[in-house]
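Work through the exercises below with the sequence and the 3D view open. Try each task before you read its solution.

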Amino acid sequence: MQSKKISISIASQNGVSWLVSQAENARVYLTSHERLAAIMDSLERLDDAVGELHRVSKLLHDRYLDKALDDQTMQDFNDLLREFNLRPDFRLVTDDDNQFGGF
C-alpha cells in the first residue's frame, strides 16, 4: 500500500479538496513538527482494512483455540500475534511502522 507524509501546514495551504484527492491515491500521514498528528485514508481502503481485521481476528481466534486444544496448554496471545506478524491492534507489521515511529 502506498502512503505519503504531508505536513499540516502544506495541507492547510492546499485545502481540503486537495487533501482528499491525495488520500484517494494513498494513505496520508498528516504531521505537525515531524510528529504524526492524524491519518487520512479512502473509504474503500478503510472498508478493506475492517474486512481484513475481521478475517484475521477469526483466524487468530481459531488458531488460538486449536493450539490450546492440541497442546492442552494456553499459548501467550502476544506470541500468537508475532507468529502472524501482527501488531497488538491486529494490523500487519509494515514498513510504515518503522518509517513513522511505530504508527
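**Exercise 1.** Which residues of α2 are buried?

*Solution.* First, know the model. It is predicted: local features need pLDDT of at least 70, side-chain atom pairs count only at pLDDT 80 or more, and totals for chains, interfaces and linings use all residues. Residues are numbered from 1 along each chain as its sequence is written, and side-chain values use heavy atoms, with hydrogens and water left out.

Step 1. Find helix α2 at residues 16–25. Helices (H or I, at least four residues) and strands (E, at least two) are DSSP runs, numbered from the N terminus.

Step 2. Apply the cut-offs: buried means under 20% relative accessible area, exposed over 50%, and partly exposed in between (1.4 Å probe, protein chains only).

Step 3. Read off the buried residues of α2: L19, Q22 and A23. They lie on the same side of α2, because they cover an arc of only 95° around the axis. The arc is that of the directions from the helix axis to the C-beta atoms.

Step 4. Check the face turned away from the buried side. It carries the exposed residues S17, E24 and N25.

**Exercise 2.** Explain why Q22 counts as buried, and list its contacts.

*Solution.* Step 1. Q22 has 15% relative accessibility, so it counts as buried.

Step 1. Leave aside neighbours within four places in sequence. Q22 is then in contact (heavy atoms within 4.5 Å) with K4, I6 and V28.

**Exercise 3.** Describe the sheet and trace the partners of Y29.

*Solution.* Step 1. The sheet is open, with 3 strands in the order β1-β2-β3 and mixed pairing. Two strands pair if DSSP finds at least two bridges between them. The edge strands, β1 (3–7) and β3 (35–40), each pair on one side only.

Step 1. β1 and β2 (residues 27–32) are parallel over 5 bridges. β2 and β3 run antiparallel, also joined by 5 bridges.

Step 2. Y29 in β2 is the bridge partner of K5. In β3, the bridge partner of Y29 is I39.

**Exercise 4.** Which residues form the largest nonpolar core?

*Solution.* Step 1. Such a core is a set of buried Ala, Val, Leu, Ile, Met, Phe, Trp, Tyr and Cys residues joined through side-chain atoms within 4.5 Å.

Step 1. The largest has 6 residues: I6, A11, L19, A23, V28 and L30.

Step 2. A second, separate core of 5 residues includes V56, L60, L81 and L86.

Conventions. Axes are lines fitted to C-alpha atoms, for helices over the stretch in contact, and angles run from 0 to 180 degrees between N-to-C directions.
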